[in-house]
Amino acid sequence: MLGLSMMWGVSGASHADVVASIKPLGFIAAAIAQGVTPVTVVLPDGASEHDYALRPSDVRRIKSADLLVWVGPEMESFITRSASQLPDNKNLELTALPVIQSHLVAETGDDHDHASTHAVALKSVKSSERELSDSHSHQGTHNMHIWLSPEMALLSATAIHDRLVQLMPAQKATLDSNLSQFIANLQHADEGIRQQLNTVKDKRYYVFHDAYTYFEQHYGLSPLGYFTVNPEIQPGAQKLHEIRTQLTEHKAQCVFAEPQFRPAVIDAVSRGTGVRKGTLDPLGSNISLSPDSYVKFLSQLSSQYVSCLKPMN
Ligand SMILES: [Zn+2]
């Protein structure tokens, strides 16, 4: 992001610049690094986490980063090569951490009660995707949208804190205080969001892509499913027929598009069914980096659910 790089200044020898792959990881890093070191984000606003090609300036920025924060090769495949050229202590691949791995769940979304059968079905979908596209990134059997889990956000914040303390021991007091503040803010926001979502948690709906499992499980929401696992791949005819049937029978109150994807397919499937249409932004692309941006991001997502799922007048 050119704008941000210019605003924050070019990395100097005395700085441990943090580079985050995507906005939400930048939100967490910005809270921890506040007053210590600048944070920038690789993925431009409006781009998809599943499909991006690094520009030469991105490659240079990652190369000169003192800390790269990313999910892992099964999510931001566009980062993998640049990350592998960094020394281990500058490469924070979150899903390589055992503490994060223990929180990962399988890519399911349609039916949490039949996770194992579903995982098998998804595998076959994914092999056909592989033939269609070699740039897709959902190769894993785990859901890699870890930034939508408040628990894993907290673990990520702690991991970023620990790395920055190693890199800049003189800043330990500030980093400790930033981490405590982040945890306190997140816990407070978490209670508010839970109360807000409690009012709509039994409402059924479809999301555009399989990104929201961690958030939905954490707050007890009731999704009916998703249009696609990988937003770069158009949903299949059978899937669309399934969703259309549910909508015609008024099983869902809402279908959610995303700012990154406003596919005609959602309009086509919901036409004439009376279902509401909403938008969920899994990346917080309209939110700028600040110490409280992660909490703003979760709160915005919560409001986006509620505005479509609240009782109809
Ligand atoms: Zn995604």
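Guide: Helices (H or I, at least four residues) and strands (E, at least two) are DSSP runs, numbered from the N terminus. Serine 102 shows how this is used, for it is found in the loop between helix 5 (98-101) and helix 6 (115-132). The model is predicted, so local features need pLDDT of at least 70 and side-chain atom pairs pLDDT 80 or more, whereas totals for chains, interfaces and linings use all residues. Residues are numbered from 1 along each chain as its sequence is written, and side-chain values use heavy atoms, with hydrogens and water left out.

The zinc ion is coordinated by Glu49 (OE), His50 (NE2), His145 (NE2) and His209 (NE2), at 1.9 to 2.0 Å. Donors are N, O and S atoms within 2.8 Å of the metal (3.2 Å for Na, K and Ca); as water is not among the atoms, sites may look incomplete. Because the 4 donor atoms subtend angles of 103 to 120° around the zinc ion, the arrangement is tetrahedral; for four donors, that term requires all angles to lie between 85 and 135 degrees. The ideal angle for four tetrahedral donors is 109.5 degrees.

Along the chain, the donors follow the spacing E-H-x94-H-x63-H. Glutamate 49 belongs to the loop between strand 2 (39-41) and helix 3 (56-63), and histidine 209 to strand 5 (residues 204-209), so this pair ties together parts 160 residues apart in sequence. Glutamate 49 counts as buried because its relative accessibility is 2%, and histidine 209 is buried at 0%. Buried means under 20% relative accessible area, exposed over 50%, and partly exposed in between (1.4 Å probe, protein chains only).

Strand 5 leads on to helix 10, whose buried residues pack against strand 5, strand 6 (222-228), strand 7 (254-257) and helix 11 (264-270); contact means heavy atoms within 4.5 Å. The 12 residues of helix 10 (residues 237-248) reach 16 Å from first C-alpha to last, close to the 16 Å expected at 1.5 Å a residue. That expected span is 1.5 Å times one less than the number of residues. Lys239, Leu240, Ile243 and Leu247 are buried in helix 10. Their arc around the axis is only 95°, so they lie on the same side of helix 10; the arc is that of the directions from the helix axis to the C-beta atoms. The face turned away from this buried side carries the exposed residues Ala237, Gln238 and His241.

Note on methods. Tetrahedral: all angles 85-135°; square planar, octahedral: opposite > 155°, others 65-115°.
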